[in-house]
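My plan is to go through it one stop at a time and jot down what I find.

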Amino acid sequence: MKIAEIKVLVSSPGRNFVTLKVITDEGVYGLGDATVNGREMAVAAYLEEHVVPCLIGRDPHQIEDIWQYLYKGAYWRKGPITMAAIAAVDMALWDIKGKVADLPVYQLLGGKSRKHITTYGHANGETIEKTLDHLGNLIEKGFKVVRLQCVIPGLGGTYGTLGKKKNYEELQSDRPLPPEQPWSTSKYLNFIPDLFRQARERFGYNIQLVHDVHSRLTPIESAQLGKLLEPYNLMFLEDASIADNQSNYQTIRQHTTVPLAIGETFNTIWDAKELISNQSIDYLRTSITHAGGITPVKKMANFADLYNVKMAPHGAPDLSPICHAAQAHFNIWAPNFGVQEFIGFGSDKLNSVFTHPLHFENGFIYLNDKPGLGVDYNEETATNYKYNRSYLPVTRLEDGTLWYW
Ligand code: CS2
Ligand code: MG
C-alpha cells in the first residue's frame, strides 16, 4: 500500500477548519485535523508546500517513521504550525491503519480502559446569577464537571463568555481583524472567588467545577487566586499563568493546593517536561491536533502517568470533529485519562461536512465501534463554506499595555 494523493481541505462550516485527506493507491483514505485557530492558512501552506511532496509514494503503515521524518527531519522543529501539520498526517495514518485492520483506533492503542469518557461543559454568563443558571442547566443534562466563566463587572466581555453572541461560531465569524478586549487583574481577583462561593452555596459540592484563567495572571497572582479558591474544591484551575518559564508553576505550587491544569497551547513534550517531572501540575491539556498527533500525545500520557498527572485534552470549538474523534480514541485508552472538555457537536452546518462516531449522554461521550477514527468529510458540501480570515482577540490592560488574551 502506498500514499497516492493528499488533499489539504479548507472550509468554514460556522468557523474555519483545515482537514487533511491522505488517499492510498488501494482507495483507503484517512483524515486528520490541522486547524490552528486564527493561523489556518499557515498550516495549509506548510502541508501543501513542504509536507505533501515528501509523503507521496510512502507506506502509510509506517506511522512512527513518518512522524520522525516530519519532526526530526524538518530541522526547524516544534511550534504550533509545524506540529499541527504533523498531527494531521499522524491522525490520517492511524485512521488508515485502523480501516485496513478493520479495528477502531483505540484497539490499536491498547483497548478500552473505561466504558465512557467523562466530559466537562461550559457554563458562562453576563452575571453570577446567569452563569449559575447555566450551571444548573448543565447539571440537569447530566454533566459531572462544569467550567464556570463569568463577565467581570466593569470589564465588559471577557474570556469564556459570549456577550451578545449566541454561540462560539458567531464569536469567530466577525473577526476580520483582532478585536481588542480590556483586562484588569484586580477586578478579576476581587470577583472570581465570589462566583465559586455562590456556586457552592447554590449547588453544593457534588458537582465538580473548573475555571480557565487563560494565562492572565503572574505566578504570585495565580497563587493568590488559588488560595482564595481552595474552600470551593475546584477539580482544577486551568492556565493559571503562562508557563514559557516552567518554574512559574513551582511558585504557584508553593502557595496553594488548588489542582493545576495547563497545555492547550503546548505542541511538544518539551513545553511540559519540567512541569510534569517537578509535579507542578495535575492535568495536562495537550490536544491531538496542537501537539503533533496521536503518536506523541500517547507518549506524553505515558510520561505524565509516571508523575500521577492526568490527561484533560483541550476540546474547544476550534478543534474539528476529527480531532475530537481522535481524542475520544485516545481518552478511552489512556490509563491516566482525567476529563475531556466538551462544547457539544456544533451546528447543522458543521455536521453537514463532518461525521464522527461519538454520542453524548448524561455527561459522558460514548464511542461507536467503527474502523479507524470513524470520521468522514463531505468535500462537496464543504465547498459551500468558504474560508474567511479570522483572528483571536488581543487583550490590553486598562492602561493600554498589551497583555495575554
Ligand atoms: C480555551 C479555548 O477551551 C479552552 O480552554 O482556552 O477556548 C481557547 O480560548 C481557544 O481554543 C483558542 O482558539
Ligand atoms: Mg483554556
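**Entry 1: ligand 1.** I began with Arg285, where an N or O atom of the side chain sits 3.0 Å from an oxygen atom of ligand 1. I keep in mind that this is a predicted model. How much of ligand 1 does the protein bury? I looked it up: on its own ligand 1 exposes 340 Å², and the protein buries 91% of that.

Then I checked other polar contacts. Asn37 has a polar side-chain atom 2.8 Å from an oxygen atom of ligand 1. For His214 I noted 2.8 Å too, again from a polar side-chain atom to an oxygen atom of ligand 1.

**Entry 2: the shell around ligand 1.** Which residues come nearest to ligand 1? There are 14 residues around it, and the nearest are Asn37, Tyr159, His214, Glu264 and Glu341. I sorted the shell by class and got seven charged, three polar and four nonpolar residues.

**Entry 3: the magnesium ion.** Next I went to ligand 2, a magnesium ion. Which residues coordinate it? I found Asp212 through OD, and Glu238 and Glu264 through OE, at 2.2 to 2.3 Å. Along the sequence, these donors follow the spacing D-x25-E-x25-E. Asp212 belongs to strand 7 (residues 208–212), while Glu264 is in the loop between strand 9 (260–262) and helix 10 (273–277), so this pair ties together parts 52 residues apart in sequence.

Are these two buried or exposed? The cut-off for buried is under 20% relative accessible area. Asp212 has 3% relative accessibility, so I put it down as buried. Glu264 has 14%, so it goes down as buried as well.

**Entry 4: Arg285 again.** Arg285 has a relative accessible area of 0%, so I logged it as buried. I also noted one network, in which salt bridges that share partners join Arg147, Asp212, Glu238, Glu264, Arg285 and Glu341.

Entry 5: How many salt bridges does the structure hold? My note says 17. One of them pairs Glu341 with Arg147, with the closest N and O atoms 3.8 Å apart. This pair also links distant parts of the chain, as Glu341 is in strand 12 (residues 340–341) and Arg147 in strand 5 (residues 145–150), 194 residues apart. I marked both Glu341 and Arg147 as buried.

**Entry 6: a pair within one helix.** Last, I looked at Arg197 and Glu201, whose side chains form a salt bridge at 2.7 Å, N to O. Why are they about one helical turn apart? They're four residues apart in helix 7 (residues 185–203), so about one turn separates them. Glu201 is exposed, at 58% relative accessible area. Arg197 has 29% relative accessibility and counts as partly exposed.

Methods. Residues numbered from 1 in each chain as written. Chains lettered and ligands numbered in written order. Predicted model: local features only at pLDDT ≥ 70, side-chain atom pairs only at ≥ 80, totals over all residues. Heavy atoms only, no water. Donors = N, O, S within 2.8 Å, 3.2 Å for Na, K, Ca; no water. Helix = DSSP H or I, 4+ residues; strand = E, 2+ residues; numbered from the N terminus. Buried < 20%, exposed > 50% of the residue type's maximum accessible area, 1.4 Å probe, protein only. Near = heavy atom within 4 Å. Polar contact = N/O pair within 3.5 Å; in protein donor to acceptor, adjacent residues only side chain to side chain. Areas by Shrake-Rupley, 256 points an atom, 1.4 Å probe, with all protein chains shown as cover. Nonpolar A, V, L, I, M, F, W, Y, C, P; charged D, E, K, R; others polar. Salt bridge = Lys/Arg side-chain N within 4 Å of Asp/Glu carboxyl O.
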